[in-house]
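Me: I'm new to reading protein structures. Could you walk me through one, feature by feature?

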Amino acid sequence: MMSELAAYTTSTGEAIQFWVLAVVAVIGALCTILMHKAVHSALCLAGTMIILAVFYLANGAYFLGIVQIVVYTGAIMMLFLFVVMLVGVTAADSLTETIKGQRWLAALCGIGFGVLLIAGIGHASLKDFAGAGKANAGGNVEGLAALIFTKYVFAFEITGALLITAAVGAMVLTHRERTERAKTQRELAEQRVRDGKHLPPLPAPGVYARHNAVDIAGLLPDGTPSELTVNKTLRARGQIRDVSQEALGDLKALEQRSADRLERAGTEEASK
C-alpha cells in the first residue's frame, strides 16, 4: 500500500527540481529553434538533453540517463557541433531546396504528428501507474532489456530501421553529383593568367605586427597592403586591422610616449 502511495506522490525536492529544470529545458528547446547561428542552436540542444538525462536519473532510469549523456549529448551532439563549426553553415544554405515542396510536406507531417501526439495524450490513462520501482524490481538494465526485447521488440526494430533510413536519406539528399570534369592544376593556373589575377604567392599576414596577427594585411612589392592576404571571413566581417600611415604614426607616437614615461620613472627611482 505504501509503495503504491509513493508512486502517486511527489516530494518537495522533486517538485522543486522538476519546475526549475523543466523551465530551463523549455528555454533551451525554444533557443534551439530561435537561434540564428547553428552552433548556438546545437549548444542549446545539448543543454536540453543533459537536463533530460537528469530527469531520467531522478526517476530511477539510470541506464537511460547515462545513455542520454554518453551517446546523445557526448557523442552525437558534439560530433554535430564540431561538424557545424568546421564546415560552417550560412543563412543561404537554408534557402536552397533540394526537393521542391519539401517545406510544405514537412509542415504537413509536423501537423499530423502533433495531432497524433495530442490524441494519444488525451486518451492516456494513469490509473494503474505503478512507478519506476515496479519496472526496476530486478534492476534498471534488466527491466529495460526485458521490455525492449519482449513486449516492445517490434517497435524497437522499426525505430532502428527508421533511424537508419533517415541517415541514408540525409546522405543522399546532401550528395551533389559533379556535372563537369574537375580542372587540373595547369588549367587552373592558365585560368588565373587569363583572368589577370594575382599570380605570385601573396605575402603572409602580420608583417606589421610583432606577433602572429592574422587580421593585418600583408605588404605588396610596392609597399601597399593587400587585403587578399587576410582570411576571407575576416574580410567579410570587416575585422581587418588598420595599418595605414596615419595609424602607424599614432602607434609610433604612443610607443614614444610610453618610452618617455618609463625613462622618467627609471630616472626617478635611480635618484631615490
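Reply: Let's begin with one side chain and the word "exposed". A residue counts as exposed when its relative accessible area is over 50%. Arg181 has 59% relative accessibility, so Arg181 counts as exposed. Keep in mind throughout that this is a predicted model.

Me: How many salt bridges does the count come to?

Reply: Two. The other bridge to look at joins the side chains of Arg186 and Glu190, at 3.3 Å from N to O. Both residues sit in helix H9, which covers residues 185–195, and they are four residues apart, about one turn of the helix.

Me: And is Arg186 buried or exposed?

Reply: Arg186 counts as exposed because its relative accessibility is 65%. Glu190, at 33%, is partly exposed.

Me: Okay, let's zoom out. How many helices and strands does the protein chain have?

Reply: Eleven helices and two strands. To read the order, start at the N terminus and walk along: α-α-α-α-α-α-α-α-α-β-β-α-α.

Me: What share of the residues counts as buried?

Reply: Of the 272 residues of the protein chain, 14% count as buried.

Me: How do I read a nonpolar core, and which residues make up the largest one?

Reply: The idea is a set of buried nonpolar residues joined through their side-chain atoms. Here the largest such core has five residues: Ala42, Ala46, Met49, Met77 and Leu81. Helix H3 (38–58) and helix H4 (62–87) are the elements that give two or more residues to this core. H3 provides the largest share, three residues.

Me: What about Gln68: where is it found?

Reply: Gln68 is found in helix H4. A relative accessible area under 20% means buried, and Gln68 has 9%, so Gln68 is buried. Leaving aside neighbours within four places in sequence, Gln68 is in contact with Met49, Leu52, Ala53, Tyr56 and Thr73.

Me: Which residues make the nonpolar surface patch of about 500 Å²?

Reply: Ile66, Ile69, Val70, Val71, Tyr72 and Ile76 make that patch. Take Val70, which lies in helix H4. Its relative accessible area is 52%, so Val70 is exposed.

Me: Now the rings. How should I describe an aromatic pair?

Reply: You give two things for a pair of aromatic rings: the distance of the centres and the angle of the planes. The count here comes to three aromatic pairs. In one of them, Phe18 and Trp19 are edge-to-face, with 5.3 Å centre to centre and 75° between the planes. Phe18 is partly exposed, with a relative accessible area of 40%, while Trp19 is exposed, at 59%.

Me: Why is the pair of Phe149 and Phe156 edge-to-face?

Reply: Planes over 60 degrees apart count as edge-to-face. The planes of Phe149 and Phe156 are at 65°, with the ring centres 6.0 Å apart, so the pair is edge-to-face. Phe149 counts as exposed at 53% relative accessibility, and Phe156 is partly exposed at 43%.

Me: Which residues do ring pairs link into a cluster?

Reply: Phe18, Trp19 and Phe55.

Definitions and conventions:
Residues numbered from 1 in each chain as written. Predicted model: local features only at pLDDT ≥ 70, side-chain atom pairs only at ≥ 80, totals over all residues. Heavy atoms only, no water. Core = buried A, V, L, I, M, F, W, Y, C linked by side-chain atoms within 4.5 Å. Buried < 20%, exposed > 50% of the residue type's maximum accessible area, 1.4 Å probe, protein only. Patch = residues over 30% accessible without salt bridge, like charges linked within 9 Å, V, L, I, M, F, W, Y side chains within 5 Å. Areas by Shrake-Rupley, 256 points an atom, 1.4 Å probe, with all protein chains shown as cover. Salt bridge = Lys/Arg side-chain N within 4 Å of Asp/Glu carboxyl O. Phe/Tyr/Trp six-rings, centres within 6.5 Å; stacked < 30°, edge-to-face > 60°. Contact = heavy atoms within 4.5 Å.
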